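Dear colleague,

Please find below the structure that I am handing over to you. My notes on it follow directly after.

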Amino acid sequence: MDKLLRESGVEFEKINYYLQPLSEKKLRELIKKMGIKPRDLLRSGEPVYRELGLVKKDFRDDEIISLMVQHPDLIQRPIVERGERAVLGRPIENVRPLLEEKS
């Protein structure tokens, strides 16, 4: 992802959310910009996903967001944000249309 962003000539800031945790407000903003449900951003392969019982569908969106803030391992990554849009950077092809837009 770093290589793609550098080669695109777009200025970017890389944020390690383990060192700079996402706030609930920022996570909600990213989810809205991505146009997805919070559950769509969950990493279902993580041990904490199973430990918290997230396989069950009876969690509200607010609960899922709160758990992602508390347990960053649950968040799919990388997330690339540009202007009023954001996309999950996997596969990397998801990012190309975002980079081609004028900010």
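**Overall architecture**

Of the 103 residues in the chain, 36% are buried, where buried means under 20% relative accessible area, exposed means over 50%, and partly exposed lies in between (1.4 Å probe, protein chains only). Please note that this is a predicted model, in which local features need pLDDT of at least 70 and side-chain atom pairs count only at pLDDT 80 or more, while totals for chains, interfaces and linings use all residues. Residues are numbered from 1 along each chain as its sequence is written, and side-chain values use heavy atoms, with hydrogens and water left out.

The secondary structure consists of five helices and two strands, arranged along the sequence in the pattern α-α-α-α-β-β-α. The radius of gyration of the chain is 14 Å, close to the 13 Å that the globule rule gives for 103 residues, so the chain is as compact as a globular protein of that length. Here the radius is taken over C-alpha atoms, and the rule is 2.2 Å times the number of residues to the power 0.38. Helices (H or I, at least four residues) and strands (E, at least two) are DSSP runs, numbered from the N terminus. Along the principal axes, the C-alpha atoms fill a box of roughly 40 × 25 × 20 Å.

Among contacts between residues at least 6 apart in sequence, 53% join residues at least 24 apart; a contact means heavy atoms within 4.5 Å. The chain exposes about 7000 Å², of which carbon and sulfur atoms supply 49%. These areas come from the Shrake-Rupley method with a 1.4 Å probe, and for residues only the protein chains shown count as cover.

**Charges and salt bridges**

The chain carries 21 positive and 19 negative side chains, and the centres of the two sets lie 2 Å apart. Lys and Arg count as positive and Asp and Glu as negative, with His and the chain ends not counted; the place of a charge is NZ of Lys, CZ of Arg, CG of Asp or CD of Glu.

The structure holds 11 salt bridges, each defined as a side-chain nitrogen of Lys or Arg within 4 Å of a carboxyl oxygen of Asp or Glu. Arg 28 takes part in the following two. With Glu 24 the N to O distance is 3.0 Å; both residues lie in helix 2 (residues 24-34), four residues apart, about one turn of the helix. With Asp 62 the N to O distance is 2.8 Å. Asp 62 belongs to helix 4 (residues 61-70) and Arg 28 to helix 2, so this pair ties together parts that are 34 residues apart in sequence. Relative accessibility is 32% for Arg 28, which is partly exposed. Glu 24 is also partly exposed, at 36%, as is Asp 62, at 42%.

Arg 60 and Glu 63 form another salt bridge, at 3.4 Å from N to O. Arg 60 is exposed, with a relative accessible area of 53%, whereas Glu 63 is partly exposed at 30%. Elsewhere, salt bridges that share partners join Lys 26, Glu 29, Lys 33 and Glu 81 into one network.

**Two buried leucines**

Leu 41 lies in the loop between helix 2 and helix 3 (47-51) and is buried, with a relative accessible area of 0%. Leaving aside residues up to four places away in sequence, Leu 41 touches Leu 27, Ile 31, Met 34, Ile 36, Met 68, Leu 74, Ile 75, Gln 76 and Ile 79. The C-alpha atoms of Leu 41 and Lys 14, 27 residues apart along the chain, are separated by 19 Å.

Leu 4 is in helix 1 (residues 2-8) and is buried at 12% relative accessible area. With the same exclusion of residues up to four places away in sequence, Leu 4 touches Ile 92, Val 95, Arg 96 and Leu 99. The C-alpha atoms of Leu 4 and Arg 60, 56 residues apart along the chain, are separated by 35 Å.

**Cis peptide bonds**

The bond from Arg 77 to Pro 78 is cis, with omega near -5°; Pro 78 sits in the loop between helix 4 and strand 1 (79-82). A cis peptide bond also joins Arg 90 and Pro 91, with omega about -5°. Pro 91 is located in the loop between strand 2 (85-88) and helix 5 (96-100).

With kind regards
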